[in-house]
Amino acid sequence: MTIWPIIPAAGVGSRMQADRPKQYLTLANGLLIDHTLRLLLDHPACQQVVLALATDDPYWRGSEFSDDARILRVAGGQERCHSVLNALNAILDQAHDDDWALVHDVARPCLHHSDIDALLAAAQQHPQGALLATPTRDTMKRGNSEQCVQHTVEREQLWHALTPQLFPLKALHQALEQCLAQQLTVTDECSAMEHMGWQPRLVEGRSDNIKITRPADLALAEWFLQQREA
Ligand code: C5P
């Protein structure tokens, strides 16, 4: 069984309001994308990374990994799910039936190896795959189109879906292809598997595995990374 790490990194990150895609912003002592690549490549289960980049990406050559043979570059797609599908298509011929795809957003550079370990352990018990997630702490409201409260959503069993997410590679490929053919909404790998009737396992992950979305997130991520080194 081989683990195939996949990083979709072809987004523009418009909510960051920067002059370049957020994965190329400076974070601590390097580029955001380099932190994410290093943490995956340093994990013993990850021999290489399949990296989806925008086809006209002029920034990648500034990465310290731009010439690293462990990185297989593929063209990103219109949305995140297309980028992941392109990555899967690039390795499908080499993959075995018992291989797994570990998909991780480039925008989550604070992931810890212990969370990857927890995910790998969960997948051994759950053939339908697993994802990192955190329980919802806030009171949740459903709003209407006028932005008024319709009702409070029971938060007892609500989770925030994070990445990495880990699924049998060939099943994930099939699920994404089918969902996209049917024009279903797929915002993470788990939602594609759910459309196929699968019930992946929620693995409680660390709350510092934040997704860099807005400028303040960069400062927070930098702090989390510094705590790790201290
Ligand atoms: O924009 P957001 O942070 O939600 O994107 C999640 C991940 O999907 C990021 O790693 C981003 O680079 C990636 N992505 C992609 N292809 C797209 C859009 C987003 O690889 N077309």
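This is a predicted model: local features need pLDDT of at least 70, side-chain atom pairs count only at pLDDT 80 or more; totals for chains, interfaces and linings use all residues.
**Entry 1. Strand E10 and its partners**

I began with Ala-130 and found that its bridge partner in E10 is Leu-166. Residue numbers start from 1 along each chain as its sequence is written. Helices (H or I, at least four residues) and strands (E, at least two) are DSSP runs, numbered from the N terminus.

I then looked up the strands behind that bridge: E7 (residues 130-135) and E10 (residues 159-168) pair in the antiparallel sense over five bridges. Two strands count as paired if DSSP finds at least two bridges between them. A further bridge links Thr-134 with His-160 in E10. E6 and E10 are also antiparallel, with four bridges, and Ala-101 stands opposite Phe-167 in E10.

Is E10 enclosed or open? Seven of its 10 residues are buried, so E10 is largely enclosed by the rest of the structure. I call a residue buried if 20 or more other C-beta atoms lie within 10 Å of its own, exposed if 12 or fewer, and partly exposed in between, with C-beta atoms placed from the backbone.

**Entry 2. The sheet**

I traced seven strands in an open sheet of mixed pairing, in the order E5-E4-E1-E6-E10-E7-E11. E5 (71-75) and E11 (201-204) are the edge strands, each pairing on one side only. The twist averages 30° from one strand to the next. Helix H4 (residues 169-181) packs on the sheet, where H4 touches E1, E6 (100-103) and E10, and its direction makes about 115° with that of E10. Axes are lines fitted to C-alpha atoms, for helices over the stretch in contact, and angles run from 0 to 180 degrees between N-to-C directions.

**Entry 3. Strand E1**

I next examined E1, which runs parallel to E6 with four bridges; Ile-3 has Trp-100 as its bridge partner in E6. Four bridges also join E1 to E4 (residues 49-53), again parallel, and Ala-9 stands opposite Leu-53 in E4. In a regular strand the side chains alternate between the two faces of the sheet. In E1 both faces are covered: one side holds buried Ile-3, Pro-5, Ile-7 and Ala-9, the other buried Trp-4, Ile-6 and Pro-8.

Which residues touch the most other members of the largest nonpolar core? Of its 56 residues, these are Ile-6, Trp-100, Ala-101, Leu-172 and Leu-176. Such a core is a set of buried Ala, Val, Leu, Ile, Met, Phe, Trp, Tyr and Cys residues joined through C-beta atoms within 7 Å. Leaving aside neighbours within four places in sequence, I found Ile-6 in contact (C-beta atoms, placed from the backbone, within 7 Å) with Val-50, Val-84, Ala-87, Ala-101, Leu-102 and Val-103.

In helix H1 (residues 32-41), eight of the 10 residues are buried. They pack against E1, E2 (26-27), E3 (30-31), E4 and helix H6 (215-229).

**Entry 4. The ligand shell**

I counted 18 residues around the ligand, of which Pro-8, Ala-10, Gly-11, Arg-80 and Ser-83 come nearest. E1 (3-9) and helix H2 (80-91) are the elements that give two or more residues to this shell. A residue is near a molecule or strand if its C-beta atom, placed from the backbone, lies within 6 Å of it. The shell divides into six nonpolar, eight polar and four charged residues. Here Ala, Val, Leu, Ile, Met, Phe, Trp, Tyr, Cys and Pro count as nonpolar, Asp, Glu, Lys and Arg as charged, and the others, Gly among them, as polar.

Note on methods:
Two residues are in contact if their C-beta atoms, placed from the backbone, lie within 7 Å.
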